[in-house]
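Below are some short notes for a colleague who has not looked at this structure before. Please read them beside the sequence and the model.

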Amino acid sequence: MKRIALGIQYDGSPWSGWQTQPDGKTVQDVLEAGLEKFTRHEIATVCAGRTDAGVHAIEQVVHFDTDISREVASWIRGVNAFLPPSIAVRWACEVPPDAADDFHARFSASARTYHYVLYNHPVRSPLLSGKVGWVFRPLDEVSMRNAARSLIGVHDFSAFRASQCQAKSPVRTMHEIDIVRKGNLIVITLRANAFLHHMVRNIVGSLIFVGSGKKSSIWLQDVLEGRDRHHAAPTFMPDGLYLAKIDYDKKWQLPQQSGDSLF
């Protein structure tokens, strides 16, 4: 058996998230259907991080096991022939045989990076619909950046955790948060060892409270330390959220692309 890793990019707007569901309208369902048509065998995939409905991926990483031999280019072009325009295999590789049993798309990952893209303008843009979050009130990205500093490090992120989150522990290590304005776009980049359910969208919603002047910069630290989800801002829309990059040890020899390639 060979372990194949794929880099998947998708527009999450048409789909009910990553994870398979009975109605079959998820990225995993469509990808596995494409793999089955290409290989003529049923294939089960494992992803690095499940994304919710409407959330996009610049580079999701999946793996699966198969005894079928194909050229790397065939895994890309062949599977893409059976995928809709909103989903594509961007790269593929066979995990080195001496490490195949140890590589796992989810458990071998050392960090995940997400981008949240905000369109900060008084009037919404129909051209950006589904691709960005929209805030019509002016946002002060400097205040947002100052507030975000309190989230760096190892913390209990219960205040930013969805009630249906199934993670055993709310403790996560936030490596960095970067907030950059590019004209009317504000790109919030978060990198952590892992994220809780809705954690990014809940943090973004709270940063918007700060940026709009509704709350002070020190408020975010109080929310974090209070560990009470009710004290943070409501969960923000999924439209502008992108799973950008998964970090792995170089020993796996994955041909990953830059997670910043779109922004």
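1. Leu224 lies in helix 5 (residues 219-226); helices (H or I, at least four residues) and strands (E, at least two) are DSSP runs, numbered from the N terminus. This is a predicted model, where local features need pLDDT of at least 70, side-chain atom pairs count only at pLDDT 80 or more, and totals for chains, interfaces and linings use all residues. Residues are numbered from 1 along each chain as its sequence is written, and side-chain values use heavy atoms, with hydrogens and water left out.

2. Leu224 has 6% relative accessibility and therefore counts as buried (under 20% relative accessible area; exposed is over 50%, partly exposed in between; 1.4 Å probe, protein chains only). Neighbours within four places in sequence aside, Leu224 is in contact (heavy atoms within 4.5 Å) with Ser150, Leu151, His155, Asp156, Phe157 and Phe160.

3. Ser158 sits in the loop between strand 7 (153-156) and strand 8 (171-182). Is Ser158 buried or exposed? With a relative accessible area of 19%, Ser158 is buried. Apart from neighbours within four places in sequence, Ser158 is in contact with Pro170, Arg227 and Arg229.

4. Strand 10 (residues 241-247) is largely enclosed by the rest of the structure, because six of its seven residues are buried.

5. Strand 10 pairs with strand 5 (residues 111-120) through six bridges, and the two run antiparallel; pairing requires that DSSP finds at least two bridges between the strands. Thr113 has Lys245 in strand 10 as its bridge partner. Strand 3 (residues 56-66) runs parallel to strand 10 and is joined to it by two bridges. There, His56 stands opposite Tyr242 of strand 10.
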